[in-house]
Amino acid sequence: MNPSSFEIQQSTTPSQTSQNESNINDLEAQVASTPDLDLVPVVDYSKRAQWLRAAVLGANDGLLSTASLMMGVGAVRPDVRTMILTGIAGLVAGACSMALGEFVSVYSQYDIELAQMKREKIANTIDRNEYDAKKEDLPSPLQAAAASAFAFAMGAVVPLLAAAFVKSHHLRLGLVVAASSLALLGFGGLGAFLGKAPLVKSSLRVLVGGWMAMGITFGVTKLIAKTGV
């Protein structure tokens, strides 16, 4: 080996060693600051998305059914009091109906899953701790009913607020349609986002369906009123 090259290696070795030690220290500091993944709580976002999507659908039902009901009454009665009272009646009746339907549906699911868990426990396929953990994760019928009723009511409030303070009959009908259309677009877009569907196409589908529901209710009620039934 050339003596000059040996001297160069000797002179550079302490610097390289210092640099390596610095890199090792940095790596150890990064590892120490990294949280243990086993200790990080896991959040089940799929269940949250399901609840949110159900809330969006409930609000859409409340909006559309109440708006259509108010448009039907508005086709034959020009006074604001009758229209608002009809909308309130639709809100209360629809919220109760949605709550009862959701309660019965979720309770049926609860009974089926609980019965399956009891069979697994008897067969010793799950232990006591796992049984208790699964039981706690079962859906609550009361919570589902309350959430469904609340979502329906929130949707029904939109056409009620649009018509509450307007005395002009035709302007009131136009505001109900306009406010409901904007809300339908919003609910349709949010539902499409949660369901990973095309945003514009899904929103327009909900909007056109809402127009059809309000238009048919308005037209049929108007037609029946003209026949004198």
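Let's start with the second largest pocket, which has a volume of about 170 Å³. Grid points are joined across faces, edges and corners, and the volume is the space filled by probe spheres set on the points.

This is a predicted model, where local features need pLDDT of at least 70, side-chain atom pairs count only at pLDDT 80 or more, and totals for chains, interfaces and linings use all residues. Residues are numbered from 1 along each chain as its sequence is written, and side-chain values use heavy atoms, with hydrogens and water left out.

Helices H2 (45–74), H6 (169–194) and H7 (199–227) each supply at least two residues of the lining; helices are DSSP runs of H or I with at least four residues, numbered from the N terminus. The lining has six nonpolar, five polar and two charged residues, with Gly counted among the polar ones.

Leu-182, Leu-185, Leu-190, Phe-193, Leu-199, Val-200 and Leu-204 make a nonpolar patch of about 690 Å². Patch members have over 30% relative accessible area and no salt bridge, and nonpolar side chains are joined within 5 Å; areas come from the Shrake-Rupley method with a 1.4 Å probe. H6 and H7 each give two or more residues to this patch, and H6 has the largest share, with four. Why does Leu-182 count as exposed? Because its relative accessibility is 64%, and the cut-off for exposed is over 50%, with buried under 20% and partly exposed in between.

How many salt bridges does a search of the whole structure find? One, where the term means a side-chain nitrogen of Lys or Arg within 4 Å of a carboxyl oxygen of Asp or Glu. Asp-79 pairs with Arg-77, their closest N and O atoms being 3.5 Å apart. Asp-79 is partly exposed at 27% relative accessibility, and Arg-77 is partly exposed at 42%.

One last stop, in helix H2, is Gly-72. At 3% relative accessibility, Gly-72 counts as buried. Gly-72 and Phe-218 are 146 residues apart in sequence, yet 4.3 Å apart in space, C-alpha to C-alpha.

Technical notes:
1 Å grid on protein atoms, 1.4 Å probe; cavity = no way out; pocket = protein on both sides within 12 Å on 5 of 7 lines; lining within 4 Å. Patch = residues over 30% accessible without salt bridge, like charges linked within 9 Å, V, L, I, M, F, W, Y side chains within 5 Å. Buried < 20%, exposed > 50% of the residue type's maximum accessible area, 1.4 Å probe, protein only.
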